[in-house]
Amino acid sequence: MKLYGILGFPAKHSLSPVMHNAAFKALGIDARYDVFEIPKNELASFIKRVKEEPIYGLSVTAPYKGDVMKHLDKIDEDARKIGAVNTVVNRDGVLIGYNTDFIGATEALKETVGPLKNKKIVIVGAGGASKAIVYGLQKEGAKVSVFNRTKNRDGVDGDLKDMLKTDGNILIQATSVLFSVSPEFIKKFDVVMDIVYKPLITPLLKTAQDLGKKIITGDKMLLYQGIAAFKLWTEKEAPIEVMWKAIST
Ligand code: ATR
């Protein structure tokens, strides 16, 4: 049986295991997806274990999307440009880092919005998740601006006060917290997306929903980044409906 899993700290509450185990089962693949909750001082030895055991693939979550990179043998071009890895493939002992978060975000948006070219998109947050989203949306030809609590971070167009003066087609909450804004600001957008999936309806999405806006919940990004990761590991088409059912029920 081939072993896969999610690397993070904490990682126990992730929905990735149910999603990927359901996919393995549906395709009759003899594999299991576990949780690897690893403290920082054990990261290097864990990566050695991945090579030796072997563990065939990893999802990587906070706080290791950046830190894991220096332990890998190769980094895919998209992941290198984003500066973060959320998926590791073990190809015969060679560990390759990929980023599928940017695919997850764009696929989640396109499902509801259609083509993203020339859409004006406002993003709150400038961390690792935000960087992947910005990269994906720019690739799709969207017009992206980024606002953050702390203004002096890479690629930030302004602070949260500056944000209130802007408008656009789509608003994306890409911080790690339950960040919300006033209904007056949310009114300016057609679609609101939140990357947080616990709770599914975040305070921001609740307000957007009450205003009659289209909303995109965080489990959609989880699904589509997982589909892309599953394809990288197995070189098979992912059973999308099965994976969606596993995380949404
Ligand atoms: P991730 O990889 O999940 O994006 P991260 O790189 O630690 O995590 O980034 C967290 C993001 O959430 C940052 O944009 C952070 O803002 P700062 O750069 O000002 O720290 C944002 N964030 C965290 N707590 C926040 C809060 N209470 N209010 C607003 N933004 C917050």
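Which pocket is the space taken by the ligand? It's the largest pocket. Before we look around in there, keep in mind that this is a predicted model, where local features need pLDDT of at least 70, side-chain atom pairs count only at pLDDT 80 or more, and totals for chains, interfaces and linings use all residues. Residues are numbered from 1 along each chain as its sequence is written, and side-chain values use heavy atoms, with hydrogens and water left out.

Let's start with the space itself. Rolling a probe the size of a water molecule over the atoms shows where empty space is left. Here a pocket is an open set of points on a 1 Å grid over the protein atoms alone, where a 1.4 Å probe fits, with protein on both sides within 12 Å along at least five of seven lines. A molecule sits in a pocket if more than half of its atoms lie within 2 Å of the pocket's grid points. The largest pocket has a volume of about 1400 Å³, which is the space filled by probe spheres set on points joined across faces, edges and corners. Its lining has 46 residues, each with an atom within 4 Å of a point, and closest to the centre are Thr-61, Ala-62, Ala-129, Ser-176 and Ile-195.

Strand E3 (57-60), helix H5 (128-139) and helix H9 (218-234) each give two or more residues to that lining, and H9 has the largest share, with 4 residues. Helices (H or I, at least four residues) and strands (E, at least two) are DSSP runs, numbered from the N terminus.

Now for the ligand. It has 13 residues around it, and Ala-126, Asn-148, Arg-149, Thr-150 and Arg-153 come nearest; a residue is near if one of its heavy atoms lies within 4 Å. A polar side-chain atom of Arg-153 is 2.8 Å from a ligand oxygen, a polar backbone atom of Gly-128 is 3.1 Å from one, and a backbone N or O atom of Ser-176 is 3.5 Å from one. On its own the ligand has 640 Å² of accessible area, and the protein covers 69% of that (Shrake-Rupley method, 1.4 Å probe).

Finally, the backbone. Most residues other than glycine have a negative phi, and most peptide bonds are trans. Glu-53 and Pro-54, though, are joined by a cis bond with omega about -10°, and Pro-54 lies in the loop between helix H2 (43-52) and E3. The bond from Lys-198 to Pro-199 is also cis. Asp-92 isn't a glycine, yet has a positive phi of about 55°.

Conventions: A polar contact is a pair of N or O atoms within 3.5 Å; within protein, one must be able to donate a hydrogen and the other to accept it, and residues adjacent in sequence count only if both atoms are side-chain atoms.
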